[in-house]
Amino acid sequence: MEGLWKKIHKTSLFLVVNTVCWMLVGLLVWGVVRIFAVDALPWALCFIGYPGFFIGFIGGIFFLWTKD
């Protein structure tokens, strides 16, 4: 998150980009898991949504909170 913050110094843009990046990580993980285990849309939404919200958005808020 530190590297992303050095490139983007706007709070709202940082949160959006951080959330989208973590959603893409979740999408990649789901892409691997669906080959071996589950291949359903609700699972895809969970694999994409939970990292995006908890690590991306909430984690970004905590990062910004401790940054100043």
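What covers the buried residues of H2 includes helix H1 (2-7) and helix H3 (41-67). The model is predicted.

Me: What does the C-alpha trace of the chain span along its principal axes?
Reply: The chain has 68 residues. Along the principal axes, the C-alpha trace spans about 45 × 15 × 15 Å.

Me: What share of the residues in the chain is buried?
Reply: The chain exposes about 4900 Å², and carbon and sulfur atoms supply 76% of that area. A residue is buried when its relative accessible area is under 20%. Of the 68 residues, the buried share is 25%.

Me: Of the contacts in the chain with a separation of 6 or more, what percentage comes from residues 24 or more positions apart?
Reply: One residue with contacts across the sequence is Asn18, which touches Ile55, Gly56 and Gly60, among others. For the chain, residues 24 or more positions apart account for a share of 60%.

Me: How far does H2 reach from its first C-alpha to its last?
Reply: H2 runs over residues 11-36, which is 26 residues. At 1.5 Å a residue the expected reach is 38 Å. The reach in the model is close to that, at 38 Å.

Me: Which residues of H2 are buried?
Reply: The cover over the buried residues of H2 includes H1 and H3. Gly26, for one, has a relative accessible area of 4% and is therefore buried. The buried residues of H2 are Phe14, Leu15, Asn18, Thr19, Gly26 and Trp30.

Me: Is Asn18 buried or exposed?
Reply: Asn18 sits in helix H2. Leaving out residues up to four places away in sequence, Asn18 touches Met1, Leu4, Ile55, Gly56 and Gly60. Its relative accessible area is 3%, so Asn18 is buried.

Me: Which residue has its backbone oxygen 2.8 Å from a polar atom of the Asn18 side chain?
Reply: Asn18 is buried, at a relative accessible area of 3%. The residues it touches include Ile55, Gly56 and Gly60. The backbone oxygen at 2.8 Å belongs to Gly56.

Me: Which residues does Thr19 contact, leaving aside its neighbours within four places in sequence?
Reply: Thr19 is in helix H2. Its relative accessibility is 15%, so Thr19 counts as buried. With those neighbours left aside, its contacts are Gly52, Gly56 and Phe57.

Me: Is Trp22 buried or partly exposed?
Reply: Trp22 lies in helix H2. Beyond four places in sequence, Trp22 touches Pro51, Gly52, Ile55 and Gly56. The C-alpha atoms of Trp22 and Phe62 are separated by 15 Å. With a relative accessible area of 29%, Trp22 is partly exposed.

Me: How far apart in space are Gly26 and Gly49, C-alpha to C-alpha?
Reply: Gly26 belongs to helix H2. Outside four places in sequence, Gly26 touches Phe47, Ile48 and Pro51. Gly26 and Gly49 are 23 residues apart in sequence, and their C-alpha distance is 7.6 Å.

Me: What separates the C-alpha atoms of Thr11 and Gly26?
Reply: Thr11 and Gly26 are found in helix H2. Thr11 is partly exposed, at 42% relative accessibility, and it touches Trp5 and Leu64 outside four places in sequence. Thr11 and Gly26 are 15 residues apart along the chain, with a C-alpha separation of 23 Å.

Me: Which residues make up the largest nonpolar core?
Reply: This core holds six residues in all: Trp5, Ile8, Phe14, Leu15, Phe63 and Leu64.
The elements that give two or more residues to this core are H2 and H3. Ile8 contacts Leu13, Phe14 and Val17 when neighbours within four places are left aside. To name the core members again: Trp5, Ile8, Phe14, Leu15, Phe63 and Leu64.

Me: To how many disulfides does the count come?
Reply: A disulfide is a covalent bond between the sulfur atoms of two cysteines. Cys21 is partly exposed at 38% relative accessibility, and Cys46 is partly exposed at 35%. The rule asks for cysteine sulfur atoms within 2.5 Å, and the number of disulfides is zero.

Notes:
Residues are numbered from 1 along each chain as its sequence is written. This is a predicted model: local features need pLDDT of at least 70, side-chain atom pairs count only at pLDDT 80 or more; totals for chains, interfaces and linings use all residues. Side-chain values use heavy atoms; hydrogens and water are left out. Buried means under 20% relative accessible area, exposed over 50%, partly exposed in between (1.4 Å probe, protein chains only). Contact means heavy atoms within 4.5 Å. Accessible areas come from the Shrake-Rupley method with a 1.4 Å probe; for residues, only the protein chains shown count as cover. Helices (H or I, at least four residues) and strands (E, at least two) are DSSP runs, numbered from the N terminus. A polar contact is a pair of N or O atoms within 3.5 Å; within protein, one must be able to donate a hydrogen and the other to accept it, and residues adjacent in sequence count only if both atoms are side-chain atoms. The expected span of a helix is 1.5 Å times one less than its number of residues. A nonpolar core is a set of buried Ala, Val, Leu, Ile, Met, Phe, Trp, Tyr and Cys residues joined through side-chain atoms within 4.5 Å.
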